[in-house]
Amino acid sequence: MENACLEFGRLTLHRLPGWISVFGNDVVDAIHETNMVRILGLDCPLNVFRKPNEIGMDNFDAICGRALLRSDGTLLPDPVVTTCWVSYS
């Protein structure tokens, strides 16, 4: 995830509490402690969850199957589950 952020150049990873910037092993610690990290530098903050809330792993394939594939290769989640899968604040 950190390499992908570096590839885009302006993206940074942050953790709770306080959305503190994290790098290297601190990213692993943040995910282990809070089960999520925030990516800043996009059009809006993107919270990435280790295990999405409200979605069982047995539903993952079905949810991905309903995602919209953009021309740049990005998969956008089904709008019905977006509030569960991607949290904006």
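## Strand β3 in a predicted model

Strand β3 (residues 36-40) pairs with β4 in the antiparallel sense, over 4 bridges. Two strands count as paired if DSSP finds at least two bridges between them. Strands are DSSP runs of E, at least two residues long, and helices are runs of H or I, at least four residues long; both are numbered from the N terminus.

This is a predicted model, in which local features need pLDDT of at least 70 and side-chain atom pairs count only at pLDDT 80 or more, while totals for chains, interfaces and linings use all residues. Residues are numbered from 1 along each chain as its sequence is written, and side-chain values use heavy atoms, with hydrogens and water left out.

**The sheet**

β3 also pairs with β1 (residues 12-15), antiparallel, over 3 bridges. The open sheet has 4 strands in the order β2-β1-β3-β4, with antiparallel pairing. β2 (20-21) and β4 (46-49) are the edge strands, each pairing on one side only.

| Strand pair | Bridges | Facing residues |
|---|---|---|
| β3 and β4 | 4 bridges | V37 opposite V48 |
| β1 and β3 | 3 bridges | L13 opposite I39 |

The hairpin of β3 and β4 has 5 residues between the strands. There, G41 takes a positive phi near 115°.

**Burial and core**

How much of β3 is buried? 4 of its 5 residues are, so the strand is largely enclosed by the rest of the structure. Buried means under 20% relative accessible area, exposed over 50%, and partly exposed in between, with a 1.4 Å probe and protein chains only.

The largest nonpolar core holds 8 residues: C5, L11, L13, V22, V27, A30, V37 and I39. Such a core is a set of buried Ala, Val, Leu, Ile, Met, Phe, Trp, Tyr and Cys residues joined through side-chain atoms within 4.5 Å. α2 (25-34) and β3 are the elements giving two or more residues to this core.

Leaving aside neighbours within four places in sequence, V37 is in contact (heavy atoms within 4.5 Å) with M1, L13, H14, V27, A30, I31, L46, N47 and V48.

**N47**

N47 lies in β4. N47 is buried, at a relative accessible area of 5%. Its side chain makes a polar contact with the side chain of R38, at 2.7 Å. A polar contact is a pair of N or O atoms within 3.5 Å; within protein, one must be able to donate a hydrogen and the other to accept it, and residues adjacent in sequence count only if both atoms are side-chain atoms.
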